[in-house]
Amino acid sequence: MSKLTLGSYPHLLGFEQLERLLERSAKAGNEGYPPYNIEQTSDFSYRITLAVAGFAEQDLSITIEDRQLVIRGRQRDDSEGRIFLHRGIAARQFQRMFVLADGVEVGEAIMENGLLHVDLTRAVPETVVQTIIIRKG
């Protein structure tokens, strides 16, 4: 059984990068921590919100790596000298990745009430009509 690829369709030219993006986003994983929302705030803007209760701003990093928005969190373990009868709030690290389309830019990041908001904007694509001149061979 052969793998079906976008290259199998002759009318889809130059979409190899899209196929790589789909594979990369599938590898990003389906981990559930931290929970997040993605909302469309206007026709050309979005907001990603992560629930990062217990993390301070200095515990978080936001980078763009190869057209991927990468949000990492690493809490310092401050349990030294403390005796827990129950520990349900773990100091754990995370990494969330979001694949960005061409033309999507990351705006500001805001930390508010244990929620990290990251704003994104998408450039308005121009409509281009081009006429190709046919030469005699």
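Trainee: What do β3 and β4 form, and how many residues are between them?
Mentor: β3 and β4 make a hairpin with 2 residues between them, and Asp66 in the turn has a positive phi of about 55°. Strands here are DSSP runs of E with at least two residues, helices are runs of H or I with at least four, and both are numbered from the N terminus.

Trainee: What kind of model is this?
Mentor: This is a predicted model, where local features need pLDDT of at least 70, side-chain atom pairs count only at pLDDT 80 or more, and totals for chains, interfaces and linings use all residues. Residues are numbered from 1 along each chain as its sequence is written, and side-chain values use heavy atoms, with hydrogens and water left out.

Trainee: Where is confidence lowest, and where is it highest?
Mentor: Helix α1 (residues 16–27) is lowest with a mean of 68, while β7 is highest at 97. The protein averages a pLDDT of 85, and 80% of the residues score at least 70. pLDDT is the predictor's confidence in each residue, from 0 to 100. Where it is low, the predicted coordinates should not be read in detail.

Trainee: Back to the strands. How many bridges join β3 to β4, and how do they run?
Mentor: There are 6 bridges, and the two strands run antiparallel; Ile62 has Ile71 in β4 as its bridge partner. β4 also runs antiparallel to β5, again joined by 6 bridges, with Gln95 in β5 as the bridge partner of Arg72. Two strands pair if DSSP finds at least two bridges between them.

Trainee: Why is β4 largely enclosed by the rest of the structure?
Mentor: Because 5 of the 6 residues of β4 (residues 68–73) are buried. Buried means under 20% relative accessible area, exposed over 50% and partly exposed in between, using a 1.4 Å probe and protein chains only.

Trainee: New topic, the rings. How many aromatic pairs does the structure hold?
Mentor: It holds 3 aromatic pairs. The centres of the Tyr33 and Phe94 rings are 6.0 Å apart with planes at 85°, so that pair is edge-to-face. Tyr33 is in the loop between α1 and β1 (36–42), and Phe94 is in strand β5 (residues 94–99), 61 residues apart. Rings of Phe, Tyr and Trp (its six-membered ring) pair if their centres lie within 6.5 Å; planes under 30 degrees apart are stacked, over 60 edge-to-face and the rest tilted.

Trainee: Are those two buried or partly exposed?
Mentor: Tyr33 counts as partly exposed at 22% relative accessibility, whereas Phe94 counts as buried at 7%. Phe94 also pairs edge-to-face with Phe55, at 5.3 Å centre to centre and 85° between the planes. Tyr33, Phe55 and Phe94 form one aromatic cluster.

Trainee: Which charged end sits over the ring of Tyr33?
Mentor: That of Arg92, 3.6 Å from the ring centre. Likewise, the charged end of Arg87 sits over the ring of Phe84, 4.7 Å from its centre. The test is NZ of Lys or CZ of Arg within 6 Å of the ring centre and within 35 degrees of the ring normal.

Trainee: And Arg122, where is that found?
Mentor: Arg122 is in strand β7 (residues 115–122) and counts as partly exposed at 29% relative accessibility. Beyond its neighbours within four places in sequence, Arg122 contacts residues including Asp43 and Val104, where contact means heavy atoms within 4.5 Å.
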